[in-house]
Structure formats: C-alpha cells, structure tokens
Amino acid sequence: MSDQLDPHEIERLRSLKPKERMQIPRQQMPEQAPDVRRANFREVPHGLPAMTAIVEANRCLACKKPACVEGCPVGIDIPGFVALIVQGDFEGAVRKVKETNMLPAICGRVCPQEAQCEALCVVGKRGDPVAIGRLERFVADWEREHGLVEPPPTGAPTGKSVGVVGSGPAGLTAAIDLRRLGHEVTIYEALHAPGGVLMYGIPEFRLPKSIVSAEVEVVQRMGVQIEYNYVIGQIETVDELLERHDAVFLGTGAGLPWFMNLPGENLNGVYSANEYLTRCNLMRAYEFPYSDTPIAASERVAVIGGGNVAMDVARTAARLGAKEVYLIYRRSEAEMPARIEEIHHAREEGIVFKLLHNPVRYIGDECGRVCQVECIRMELGEPDASGRRRPVPVEGSQFTIDVDTVVVAIGNGPNPLVPKTTAGLDVDARHGTVKTNLETMRTSKRGVFAGGDIAIGAATVILAMGHGRKAARSIDHFLRTGVWDVEKVE
Amino acid sequence: MNEILENTVIAESVNRYVIAAPKIAQRRKAGQFVIVRVDEHGERIPLTIADADPARGTITLVVQAVGKSTAQMATLKPGDSLRDVVGPLGAPTHIERRGTAVVIGGGIGIAPAHPIAQALKAAGNTVISILGARTQALLIMEEEMRRASDEVIVCTDDGTCGLQGFVTHALADLIAQRGKPDFVFAVGPVPMMKYVSLLTKEHGIPTMVSLNPIMVDGTGMCGGCRVTVGSEMKFACVDGPDFDGHLVDFDELIKRQAFYKEQEQLAYQQMQERCQAESLAQATPS
C-alpha cells in the first residue's frame, strides 16, 4: 500500500468548494481478484493507499450536525477524524477515532457501515456516501504499520477489581475502558486464544488474526490479565469470581449453535457454522496436516442461511477447495440479513445462491456421510413479526441437490454455561439471554453486568463493543458509589 | 502451559501422564474430562480424567497413542509441558447409593472407569468391576481398579489373562450366577458400550455410558459432539458425557467417530515418515 503523500495535491483538494467535493467519486479499495482470492485465505481488500484515503476524506462535507455520528453505535467523532485525514494528519486522525473506539482496525473491517454511519451520510443522499469504514480502517492500519500504537493511559489505581468473562468484542472493550478508569481487570477466556468470535468465527480473509492479536496485545499492555483455558461455570462459578472481584462482566457470547431438527442432521459432513468456522479459523484446519485439526474435504457444499455467518462459511468452503458452493436461503435476497458487501463478495467468488429454498432433510450414503439435501421451494407470504414477508413452502416442489458437506448457519443462541451455573441470575426463558438493563448493563444479580450476544442474542461486533463500553461506565459508577439500583448511569 | 511430571508406559502404546493442573485437580469430579493441546499447532484432544491428587495439584490422564497428536504426546518427557489443558469439562457422573454397581471398563476405557468406581464405592455401593482388554499386554490399571472395587473380573479376548471373552460375556455370567445388579456403568469402545447396553436393557438394569465423541471446544459451542439420545439431539460436552445407555443411538455415534479417519491416518503417517527421516539423518555420521 502506497504511503507517499503529495503535498500539492493535498492543498489542491483542501481548496475545493463543496460543490466540487460532491463531484469526487467514492474511492475504490483495491482487492484481490475473485479467481485469485478463492484459492487463498489472505485478506480480500488491500486497504486504501494514503493519497486515495485523502481524496476520499475530501468527499466529507463536514456537516455541522453530523448524521453519521448518530448512526455509529459508539458515537465516533467521524467528521473530526475525517478532517484530520484531509490534512494528512493520520496520527491525529487515529487518536481522534480512539477517543471513542479502541478497536478501529477491527470495526473498520467488520462493521455494517452501510446500515450505520454511511446510511445516514448526507453525501450519500445524492450519490455514494463517504467510505467512513474504509477510512477508519485506513488510519488504524497506518498506525499499526508505523509502529505507533500506544496503549491509552490507565487511570489512577482505584483498588477495585473486575472479572470479565469472555475476551470477545464486548469483554475486550469493557476491559480497556475499565483500565482507563483505574480498575484492575482479569479476563477469563474459555478457549486457548483471545478474541472470541473475532478469532474463532470471522474468517482470516475478512479479519486477519494478526490484527486481532495486535489489538489484544494493546489490551495486555494496559495491564489487563488474561486467563486462558478458563471456563467459568466449570472451573469456577460467577459467585466465586465475586469473592475476589468487586464486579463481574459477562461477555460470553452466542456460543450455542441452532439446528433445524431435520432428518439426517447428524450425518457426517453436516456441521454447525460454529464448528466449521472454528475448525478453520481458530484451529487453522486449512493448513492441515501442518496444523493437526482436520476439516471435511468437500466438492459440493450446501450452506443453510442468509446472514454474514452463512457468507463467511460459503466463502470459506470455496477456499477449502469446494467446486460448487450453494447458499440455501428461505427468503429472497432483499430479506437477507448479510451485509451487501459480503453478498457481493460471495457472488463474485462463484457462490450459487438458492434463494426461496429451504432444506427438508439430509440423505446419507452407506458410510453415514451426507450425499444429498432435499429442498423445498418457498414463496413469500404475509409479513411476519420481523416485518419481513414470511416464507411459505410451495407444496410438492421438493427436489434434491447432490452435496458432500452441509453447514447449518441459521444462527446461535446465548451459551447457557454461565446462566445455568449462576444462582440469582435471571434468564429470558424464551431466548436464553441474561436479562440485562440495556441502559446500565446490569443484570438481576448484584455486581454482575452483561453485554453483547449473551444480553441480546446474536448481533454485531460493534453492538457488543458498545455494550462493553456502557457496562464499563456503569461498573465504574457501581464501584464508586456502591449503589446498585439505578435506572440510568450518566 | 501445564508441566508433565510423569509419563509412564503402562501397556503397549498406552501412557499414563501425571500433569500439573492444581485448580482442575481440586475441582474435578468423577466423569469429567479435560481438553489438551500438545503444542501451538495441536488439535484439541478431549481426555477423561483418570485420577487427581488435589494435594499435589496433579491430574492423571491415560492415553493410547492412536494418531499424530497422541503419538506426539507420548514422546514428551517429565519437565516438558502441554501447551493447553482446559477443564474440568462436562457434567460430573451422577453418583448415588444404589446397592450393587457393576463398573465396566473396556480397553483404554478402564481409565475413565476408575474415578467412577472410586466414587460409587465412596457412596456406599458394592462395586464389581469388569475389565476387558484384547490381550494381557493391553490390560491397564488392574491394581488401581482392585483398590477402587470390592471385586474385579478380568477378561481378555484371547484368554491371556482372566476369562476368555468379551466384557458382555462376563456380565451375562454374572447376572446368570448372582442375579441382576442394581446399576451398570460402562465406558470403553462404542461397540462395547452398545452391546453392554443391549444386554442390560434385556434385563432391565439401569445403565449409564460415558461417551467421548469428536469435539472441538468442549463448551457447547460447536455441536460437533452431538449424539442422539432417545431421539433428542444432545451435546456430549455439556449435556454429557454420561447418558442413559438404553437411549443412545450407538450406530450413529460409531459412524460419527470414524469421520476423519482417513485424514487422521494421513497426518499420522506423515509424522512417522518425518520421524524416520530425522532419525536416519541423525544416525548417519556427517
């Protein structure tokens, strides 16, 4: 990625009038060609070159009342950091971002910007919005690549200590903010590596694991202790954590895969998305036998679902060498919960979309391996509770597709291990989530806070981070005042 | 990192490891397991805890070298460390006083049967253990099982030790001669657990089995360890590993266990070839 700056060009761009700025097209981010990237696990987009980032930043109209900030779950000062990019002050820009978001290299890659900041961008009303996500990613990468990453200052020691359960986006964010406020923090991680879904779930080609590791290193440099291989609910209970910590934050995530209860779902070659992705991402099965964890060798893969996880699985399957990858989704493309960018990338990589289809059963061969999926066609009926039109099966439209691997990516529930083993923690009976006041991130149990997927069910990385941040403020309030029953924390 | 304090060969390709894991040693209960990773490229291997010494801060694992990871583990010496040990995982075995309990351990399954026998005896049961092995050289932990049981019946497929025949024969004889025990717990190869369960179902004897299916995380996250129990889908890592033997779909489990066989053999073979090449290179004077 080119780092060269052209001072004359920077000046010329700065002197442009708003009308002229509006003429600048949204800058493209260079990326690996589809036929090339389908054969490797390297990151797909290369990131913006420095001058391209400056050109893109000049598209921002620096609105007085920036709508984009309203769309950001953590409220980053977007016009502020973009203005610093315009000046070529990348270090200033990344500092500005990090005032509110400590993990921009991650958010710049995995946030659904098109539904958040960029959806509200004024420039976007008449054309393409400012590529805020790409700019965020740019400044974060620039800082890391120049070795300028500095842990934020930690607060004066308060003598209080917080146990954080889970090192995913919610836990990491909470830990950072709690250290800034001067509290001691220990993170308890069930797996052998940090990052939660950032590590086991999101594939290398979308979020390189070296970036997650770099961000975690910063957290550790702030003095956060991480205990790996530590499964709360098994080795210790939350009550035991409360004996040595003044508060506990639960960020245990959505670690319970859903299946559809279809005949043949336990055949060999039928995976949950969690298992498929964990084998590949965390355990690096794509390097087998150099790494010891195997994954099914597949020619024809069916992925069930239409969310980001389904896209990640489909694109992973293609990279693992599958010739045909089908994405089977019961609604139409308009209802797909996946990000537009992911759908676009998946299509480019040759994933075959079987829209308005639903699996009915899986058929196995004599060895017990799946060899066919029987599908039924669907049509859209009346809107359901989600406001989307309900998919209805078309009678008698069943047919089969030959496959050797199926990955069920229809979503995850909250992991029940902690709720099940914690007395006095109210759980939503229907969703399995820990009942949490979303203003204060407080649970029904004094001293216990929760955030991310364990509190609201499977959502996004940035929402989890927002929860972590809110929880840190609320924990700080609790530790300073000792007051538990509050409706809001300023 | 968890230090290996002892590594002893106790039968052909079977090693007994004593591993420093103080917290797990304190917490573990009969029936629970750990997941081990040998090094940073290692897969996550679920292994049932065979014994623990809370005072010394150690757990004991008995592992048969059947593939690359377990063979690699066998080469470790006291003072070496395992990259990761996580546990205790799974639900503890439900232990209660029932009267006479028969504990059946087949092959390497004798190791996980050991803490069950201990716990059942401690709860006031009369424990009769049936130990099965292919041949005498593969029989493990007989002494430990004798200490944990009121009576031990040994059987080998080839008759080199104890009765000749399978554990199911020994169990059938026991029932015929002395009547039905109140409870049977079986752990070992899946076909063994299947035939034990078929036999006890005929006699109406409550039977629990301990399953060790393929799994990754061991916390209920991946669902790789799912088993069908009484037509319900269960995750062995969190719902088990113990299940009612009369309800488990063993045939499905046997197929699921074999899924990665070819890949595992490939990895094992490549490792053996590499080891041979290395020892050849070392043996050749430069």
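This briefing describes the fold of chain A and its interface with chain B. The structure is a predicted model. Chain A has 490 residues, of which 60% count as buried. In the interface, 45 residues of chain A are in contact with 43 residues of chain B.

**Chain A as a whole**

- Chain A contains 20 helices and 16 strands.
- The radius of gyration of chain A is 23 Å, close to the 23 Å given by the globule rule for 490 residues, so chain A is as compact as a globular protein of that length.
- Taken along the principal axes, the box filled by the C-alpha atoms of chain A is roughly 65 × 60 × 50 Å.
- Among the contacts in chain A with a separation of 6 or more, 70% are between residues 24 or more positions apart.

**Extent of the interface**

- The size of an interface is often expressed as the accessible area lost when the parts come together.
- Between chain A and chain B the buried area is about 3700 Å², and carbon and sulfur atoms give 54% of that area.

**Polar contacts and salt bridges**

- Three salt bridges are found across the interface of chain A and chain B.
- One of the salt bridges joins the side chains of A:Glu236 and B:Lys23, at 3.2 Å from N to O.
- The two chains also have 22 residue pairs in polar contact.

**The side of chain A that touches chain B**

- Strand E5 (256-257), strand E6 (270-272), helix H15 (273-280) and helix H18 (417-421) of chain A each supply at least two residues to this side.
- H15(A) provides the largest share, four residues.
- By residue type, this side of chain A comprises 22 nonpolar, 14 polar and nine charged residues.

Technical notes
Residues are numbered from 1 along each chain as its sequence is written. Chains are lettered from A and ligands numbered from 1 in the order in which they are written. This is a predicted model: local features need pLDDT of at least 70, side-chain atom pairs count only at pLDDT 80 or more; totals for chains, interfaces and linings use all residues. Side-chain values use heavy atoms; hydrogens and water are left out. Contact means heavy atoms within 4.5 Å. Buried area is the accessible area (1.4 Å probe) that two parts lose on being put together, summed over both. A salt bridge is a side-chain nitrogen of Lys or Arg within 4 Å of a carboxyl oxygen of Asp or Glu. A polar contact is a pair of N or O atoms within 3.5 Å; within protein, one must be able to donate a hydrogen and the other to accept it, and residues adjacent in sequence count only if both atoms are side-chain atoms. Ala, Val, Leu, Ile, Met, Phe, Trp, Tyr, Cys and Pro count as nonpolar, Asp, Glu, Lys and Arg as charged, and the others, Gly among them, as polar. The radius of gyration is taken over C-alpha atoms; the globule rule is 2.2 Å times the number of residues to the power 0.38. Buried means under 20% relative accessible area, exposed over 50%, partly exposed in between (1.4 Å probe, protein chains only).
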